Amino acid sequence: MSEVAVLQLMGLCVVGTGILILLFLKAVFVRVLGFVIIMLGIFTLIALGVPQMASLPPAVETFDIASVKTPDDLASIGQKIFFSKGQCALCHSIGPSESARCPELAGIGAKLAPEFIYESLTQPQAYVYLDFRHDGLPEEYPARMPHINKNPIALSEQEIYSVIAFLQKMSGEPISIKVEDVLNIDVGEMKVASLVGHGGN
Amino acid sequence: MKNHDTLKLQSWLPKVKASSLSGWSVFLAFLLLPAFVWAQDAATLAMQVEYRDVPGIGSRNLIWIVAQQHLLLAGFVLGVPIFAWICEIVGWKTNEPRYDKLAKEFTKLLTSAYATTALFGGILLFLLIGLYPKLMAYLSDIFFPSFIAYSILFLLETATLYLYWYGWDVMQGKKKVFHLFLGFLLNLFALGIMMIPNSWATFQASPVVVTDGTAIERAWAAMQNPTWWPVNIHRFIANIVLGGFICGAYAGVRYLQAVTKEERERYDWMGYVGNFIGVFGMLPLPFAGYWLMREVYQYNQQMGITLMGGFLAWLFILQAMLIGVLFLGANYYFWMGITYRVPGVAESYKKPILAMLIVLMVSLAVWMTPHSLVASLQEARQMGGTHHPLLGVFGVMSAKMTVANLMILVTFISFLMYWRAGKQETAAWAKIAKAVMGALLVIAGLAVIVLGVWGYFVPAIIRINYFSVAQVLIVLFIMVTFTPLTALLMKSAKTTTEMIWGQMPVRAGYTLVSNAVMVILLMSLMGYARSSSRVHWHIYGVMRDTSEYAYSPALGYAAAFMSLNTFVFCMIVAFIFWVATMGDKATQGTEHGQPEDSPVKIPGGVAPAIAGGSPREGQTFVNPVPMNKNEDT
Amino acid sequence: MKGPLFNSAVVLAGIYVFLKFILPLFTAPLPASLIFLYLALTFSALMIFYTMSGESLESFMGPVQRFLTGEGQTGVANIARVLVFIVFPLLVGWQTYTKLAPSDDPPPESRTIHPAPPGEFVGLANPYPKNNQTIQEGKGIYASNCSPCHGENFDGKGIAAVGFNPPPANFADSGTIAQLQESYLFWRIKKGGVGLPIEGMPWKSAMPRWENELSDEKIWKVIIGEFDGAHQSPRTWEEEE
């Protein structure tokens, strides 16, 4: 029997029990209980009657550090970090957006040198961007840029370079981050392996 | 004291991270043992165990049950003081002892309910620490200062509750004002206690970037996430509804069990008060829900679509069904009140009731018509897809908003009708006032419908920002202006038919129980919606759920859990009521009810709205005849 | 015998006839699930109305009760009662059988038409302004790529649309693109039917994934053209000036 059929059977049994109680028992409290379980049973049966659909999580992509061969591999890891662990997309969008709280990043990899992006990520207050997209004086953006290499986001060096690689690729710029350099960064442990999909080890 | 605490905290937090404990932390650990264990987890375990499982039931399901029980109990514990406090004020204002007695009776429940809530909170905390250490470490890293604030509020709440309850009889007369102030404080602290955990939950759903800064700054930044306030308001109102309807259900059960005439009258009246407060809270609730959904959409389109159009879309059809049953139940109870409590008027109200019932049913039919229909292959071919060319227009938000507003309006009219049943206005301006009110109601109804239809032809943003808001404002305007106006009219009204308590049929008792069950089910359902809208994220877009329970179960499976949770909660509440009223039997003769056959005094003014009728100032009526007990058993 | 019970039966039958036979004269027939829902609502309304007072309850339930218990029944009524007791279980059995019997029909589907987009596509906005030039460009791209299915009039009735299940979206309908943000359309055009999540049943949609044929720029422009051609405007969170 399928899981739905089992649950339907249970629901029917519950409703049946409730009906039996209402038919044959006199004690008020028990009758009220019978009434309650009939309602709950019917609710469950109705919920079992609508289309059943579980929402499966997308596959966790594991990443083997040895598999990074090309800058594109690096950029695809960077893309994942951009939209998950790095939390960049909480504020930034790629392309103009109404809900973005901070500057949009379309073409940023072509506009800025990787060193400058690195500095913006690790020392965000070194150069503060203001919002000019309106009349009057420029304003600060509603959200302040956190230090990406510190808690709570705490991306490793390798992760930050992956993100920069992604930003460059997205802007149609040749990726200037070198794979060997990134792989040679001494992190003590294989942090990169655990970053994508959050510890899908 | 508090300032001192927070000052210390800033220097203290990093030390905990380094696992070195200062004297202060020992003191605080005493204060806050569970959270302290939690915080230490952050330091040592963060990188080790991510998940633990419970064999058999599974860690997610266990958390589901315990968290739901804790939340429902918390809703009860927060809703009942609001309910009791309102009753106490009414009793104080009107000098009517039965309100005070009712308030006290429900406050008595609090002491045991409070302990049970804390118990489930403790179990939940231990389970979360044990089963989801990675997530807990992350959250406690961000929110630790709020744990301290939470604990302090909890201490204050506990102290206030004891003062409020044990000081009840002492603080009567002149000291009553102070007691009412205590009740205010109790609700204020309770609000804080609700809001802080709300921020943890809403942060999971709509996280904001936490910049570095002091621990307090970070916690504060995280608390102020986009859905925090909508959830606060929504839950606050929902708690009032829960408190009211649970009171109603309790009265319903006691009414069914009642043997003597006084008991029947008392519990009939109590059921009315509970239902009244429940409905009172329920009317603005959809507006709060709408605001919350709007914030969710604005925060993240993906999450909004998951909820409203994606895999949870059918959940909202179920929600519409439950809300429909709840609205119908509340109206049914009002209508039965007219029929049974005001003898002789039933015939003249039959037509308006039928009209209102039809409006309610048509509204419900529109609300429950899904956007994507379930259709067989052949049916789908005939329709040209799963959208019906004609009824498809009912599937979108504009239609749902319109009918929700109409249902609220109808329920409000039911309430007005009940209030005025058996009365004859004597004021000279009554005729004009009634004509104006009638015209306004018609205009309001039409305006809501016109705005709803017009909403199809304007851009979504215009509809959301202006049309929907206008609909809400129209309905709110009607409610806010009509209530005092009717109160004024009723003050000088002549009673043609006395209201009789204790005559309601057995069905009424079951209706009250059904209303309470619907509210609890709705809370469970929407809890599931809130939680599963995050899909496979612990913290949306930040921390992914990598456990084997990252999937969201299908609706039928989830509904089985909701039903189980509802049943367990009902049993817990029944147990709490049973424990709290155990001692009453012994003292029943002297303490409960009015002395037999003595006239009951009902004053005029605001209170009658709650008392379910408004005879003139100082008017009395004599106890009614007992009803036929076995009517439909 | 007549009275509430009779009225209820008439109302139920009337609504059934209306939904099943009269309404389809003007529009597409209603699916059975919807008819059932409306009848269930009507039934509960009748129950509520007739249980409002003691008398109406009696006149509603009394005949049913007397009929079923056989109280004071003779002759035809009694035979009818026995028949009901025989036929009713058979009906239930038949219903159960037809529900469970194997059939060639695919199970009723409930495809989520607008499932949630993946995170990467949320919050994007159209980088191109809406002006005559972009509209014309977009409509041009539309005419050469989209109109065979979605129709020259943006109504989902292109010459190639026939035979597709589900049919191509009708953009002129206020329930389709008018409910969506531009980023959503960008996702659907770029990734096509196969890019749908599981609740959208990616195996059913015939929408091609256009990312290989059309550049991002062209996709954004075709979106502008689509909205203009269908006389709809996208869902936004900010008002247009």
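## Helices, contacts and backbone angles in a predicted model

Chain A contains eight helices and zero strands. The model is predicted, and the values below are computed from it.

### Chains A and C

Read along its sequence, chain A has the pattern α-α-α-α-α-α-α-α. Chain C has seven helices and zero strands, and from the N terminus on its elements run α-α-α-α-α-α-α. The table sets out further values for these two chains.

| Chain | Residues | Buried residues | Accessible surface | Part of surface from carbon and sulfur atoms |
|---|---|---|---|---|
| Chain A | 201 residues | 44% of residues | about 10400 Å² | 61% of the surface |
| Chain C | 241 residues | 43% of residues | about 13200 Å² | 63% of the surface |

Contacts can also be sorted by how far apart the two residues lie in the sequence. Among the contacts in chain A with a separation of 6 or more, 60% are between residues 24 or more positions apart. In chain C, residues 24 or more positions apart account for 61% of the contacts with a separation of 6 or more.

### A helix pair in chain B

Helix 11 of chain B covers residues 285-299, and helix 16 of chain B covers residues 397-420. The axes of these two helices are 10 Å apart, and the helices pack at an angle of about 160°. Because of this angle, helix 11 of chain B is roughly antiparallel to helix 16 of chain B; angles over 145 degrees count as roughly antiparallel. The crossing of helix 11 of chain B with helix 16 of chain B is left-handed.

Which residues of the two helices meet? From helix 11 of chain B come B:P286, B:F287 and B:Y290, and from helix 16 of chain B come B:M397, B:M401, B:N405 and B:I408. The residues of this contact between helix 11 and helix 16 of chain B divide into six nonpolar, one polar and no charged.

Helix 16 of chain B also holds B:T411. Is B:T411 buried or exposed? B:T411 has a relative accessible area of 0%, so it counts as buried. Leaving out residues up to four places away in sequence, B:T411 touches B:V279, B:L283, B:F327 and B:N331.

### A buried proline in chain B

B:P133 lies in helix 6 of chain B, which covers residues 133-166. The relative accessibility of B:P133 is 3%, so this residue counts as buried.

### Two residues with positive phi

Most residues other than glycine have a negative phi. For B:N95, which is not a glycine, phi is near 55°. B:N95 sits in the loop between helix 4 (59-94) and helix 5 (97-131) of chain B. With a relative accessible area of 69%, B:N95 is exposed.

C:F154 is not a glycine either, and its phi is positive at about 60°. The loop that holds C:F154 lies between helix 5 (132-150) and helix 6 (182-191) of chain C. Is C:F154 buried or exposed? C:F154 is buried, with a relative accessible area of 7%. Thus B:N95 is an exposed loop residue, whereas C:F154 is a buried loop residue.

Key. Residues are numbered from 1 along each chain as its sequence is written. Chains are lettered from A and ligands numbered from 1 in the order in which they are written. This is a predicted model: local features need pLDDT of at least 70, side-chain atom pairs count only at pLDDT 80 or more; totals for chains, interfaces and linings use all residues. Side-chain values use heavy atoms; hydrogens and water are left out. Axes are lines fitted to C-alpha atoms, for helices over the stretch in contact, and angles run from 0 to 180 degrees between N-to-C directions. Helices (H or I, at least four residues) and strands (E, at least two) are DSSP runs, numbered from the N terminus. Angles under 35 degrees count as roughly parallel, over 145 as roughly antiparallel, 65 to 115 as roughly perpendicular and the rest as oblique. A crossing is left-handed if the near helix is turned anticlockwise from the far one by less than a right angle, and right-handed if clockwise. Contact means heavy atoms within 4.5 Å. Ala, Val, Leu, Ile, Met, Phe, Trp, Tyr, Cys and Pro count as nonpolar, Asp, Glu, Lys and Arg as charged, and the others, Gly among them, as polar. Buried means under 20% relative accessible area, exposed over 50%, partly exposed in between (1.4 Å probe, protein chains only). Accessible areas come from the Shrake-Rupley method with a 1.4 Å probe; for residues, only the protein chains shown count as cover.
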